[in-house]
Each structure stands twice: as structure tokens, then as C-alpha cells.
Amino acid sequence: MKAEAVESGEASTIIAAPKRGINRGISIADLILRGVAAIATFASALTMGTTTETLTIFTQPIMIRAKYNDLPSLTFFVIANSIVCGYLVLSIPLSISHFIRREARITRIILVIFDTAMVELLTAGASAATVVVYLAHKGNANANWLAICQQFNNFCERISGSLIGSFASIIMIMLMIISSAVALSRH
């Protein structure tokens, strides 16, 4: 009888060992994704926030300036990326704690909830900015809006580049949500 109990106990530790390894891998992936997404959102906010270009018209003494805060959608984009970056930096200690306590369900649930809210905020900011960037590149003949990217080339390149970083962060946060959900289902 005692031999069976020892054998079944050994079998349960053998089965549990790969589960711990998978949870550790998920925790490492979560931490890496969190760090890279924080860097990407910071870079997007910084790039958009420092974007300005001045165009001088030679026939008249007029200087036209394009700046991100001239358009409320781009301002919202900078604010959304800044908030998400701050959240990601503040959530890194919780992510690190998952190495120490792999069974921490409550903190994983909290991270899933806040990650979901942050991906929604970031998606809203990126979508609002995407509309402005599209109009800057293509214009709209029906509304008589001209494309400005032929004149403000550097401005358009920078705001387009900051959108790429933001959309990459959205994908990374979605992967964090999925990995946290997988880790929760394995407990």
C-alpha cells in the first residue's frame, strides 16, 4: 500500500514539472513583451510629440508650421501612448513576481483586466491618429481636404513611423493577454 502511494506521488511530480516549465516560459515571455511594448509606446509617444515641420513659402513671407498638437487626434494618440507606457512600466514588477510565485492567480487576473483596458485605449488612440495620417497622405476630394504630405514630407514620415510602433505594441499587449489567459488556465 505504501509503495503505491509513493509511486503515485512520484508520478504527480513528474507530471507537474513540465507544467512549471511552461508557466515559467509564459512568465518570461510576458516580461519580455511587457518591456518591449513599453519601449515601443514610449518611442511612439516621443516621436509623435516631437514632430514639427515648418514650411516657408518663397513667393510670400509666410511660414506654415505643422505640429502634432494642431490636431486633437494626434494629441490623444500621444496621451494614450504615454498612459499605456506608464502602465506597462508600473506592471513590470507584477510580471517579475510571477517568476517567484508561479501560482499567483489574482495578480494574473488583475494584469489581464488592466492589459485589456490598455489595449483598448491604445487601439483608440492609434485608430484616431491613423485617420489623420491617411488624410495627410491621401486627402479627401469630396471634403476639399488636400494631402499635405507632399509639402510636409518629414512630418508625415515621423507620424507614420510612430503609428507603426503603436500598432506593434497593440499586438504585443494582445499576446500578453493570451499568454496570461493560458497561464491562468494551466493552474
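# Questions on a predicted structure

User: In which helix is Phe99 found?

Analyst: Phe99 is found in the helix that covers residues 72–100. This is a predicted model, in which local features need pLDDT of at least 70, side-chain atom pairs count only at pLDDT 80 or more, and totals for chains, interfaces and linings use all residues. Residues are numbered from 1 along each chain as its sequence is written, and side-chain values use heavy atoms, with hydrogens and water left out. Helices (DSSP runs of H or I, at least four residues) and strands (DSSP runs of E, at least two) are numbered from the N terminus, and the helix of Phe99 is α2.

User: What is the relative accessible area of Phe99?

Analyst: A residue is buried under 20% relative accessible area, exposed over 50% and partly exposed in between (1.4 Å probe, protein chains only). Phe99 counts as partly exposed because its relative accessible area is 21%.

User: By what distance are the C-alpha atoms of Phe99 and Arg24 separated?

Analyst: Leaving aside neighbours within four places in sequence, Phe99 is in contact (heavy atoms within 4.5 Å) with Arg24, Ser27, Ile28 and Leu31. Phe99 and Arg24 are 75 residues apart along the chain, and their C-alpha atoms are separated by 6.4 Å.

User: Which pattern does the protein follow along the sequence?

Analyst: The protein has four helices and two strands. Read along the sequence, these elements follow the pattern α-β-β-α-α-α.

User: What share of the contacts with a separation of 6 or more joins residues 24 or more positions apart?

Analyst: The protein has 187 residues, of which 36% are buried. Among its contacts with a separation of 6 or more, the share between residues 24 or more positions apart is 76%.

User: Which residue forms a salt bridge with Asp115?

Analyst: A salt bridge is a side-chain nitrogen of Lys or Arg within 4 Å of a carboxyl oxygen of Asp or Glu, and by this rule the count comes to two. In one of them, the side chain of Asp115 meets its partner at 2.9 Å, N to O. Asp115 lies in helix α3 (residues 105–138) and its partner in helix α1, so the pair ties together parts that are 81 residues apart in sequence. The partner of Asp115 is Arg34.

User: Which residues are linked with Arg34 in a network of salt bridges?

Analyst: Arg34 counts as buried because its relative accessibility is 0%, and Asp115 is likewise buried, at 0%. The side chain of Arg34 also meets that of Asp30 at 3.2 Å, N to O; these two residues both lie in helix α1, four residues apart, about one turn of the helix. The residues linked with Arg34 in the network are therefore Asp30 and Asp115.

User: With which side chain does the side chain of Thr51 make a polar contact?

Analyst: Thr51 lies in the loop between α1 (2–49) and β1 (52–57), and it counts as buried because its relative accessibility is 0%. A polar contact is a pair of N or O atoms within 3.5 Å; within protein, one must be able to donate a hydrogen and the other to accept it, and residues adjacent in sequence count only if both atoms are side-chain atoms. At 3.2 Å, the side chain of Thr51 makes such a contact with that of Arg158.

User: Is Ser44 buried or exposed?

Analyst: Ser44 has its place in helix α1. Leaving aside neighbours within four places in sequence, its contacts are Phe77, Asn81, Ser162, Gly165 and Ser166. Because its relative accessibility is 2%, Ser44 counts as buried.

User: Which residues does Ile62 touch, not counting residues up to four places away in sequence?

Analyst: Ile62 is found in strand β2 (residues 62–67). Its relative accessible area is 35%, so Ile62 is partly exposed. With the residues up to four places away not counted, Ile62 touches Leu55, Thr56 and Ile57.

User: What is the area of the nonpolar surface patch made by Ile171, Leu175, Ile178 and Val182?

Analyst: Patches are made of residues with over 30% relative accessible area and no salt bridge; like charges are joined within 9 Å, and nonpolar side chains (Val, Leu, Ile, Met, Phe, Trp, Tyr) within 5 Å. Ile171 lies in helix α4 (residues 153–185) and counts as exposed because its relative accessibility is 53%. Accessible areas come from the Shrake-Rupley method with a 1.4 Å probe, and for residues only the protein chains shown count as cover. The patch made by Ile171, Leu175, Ile178 and Val182 has an area of about 350 Å².
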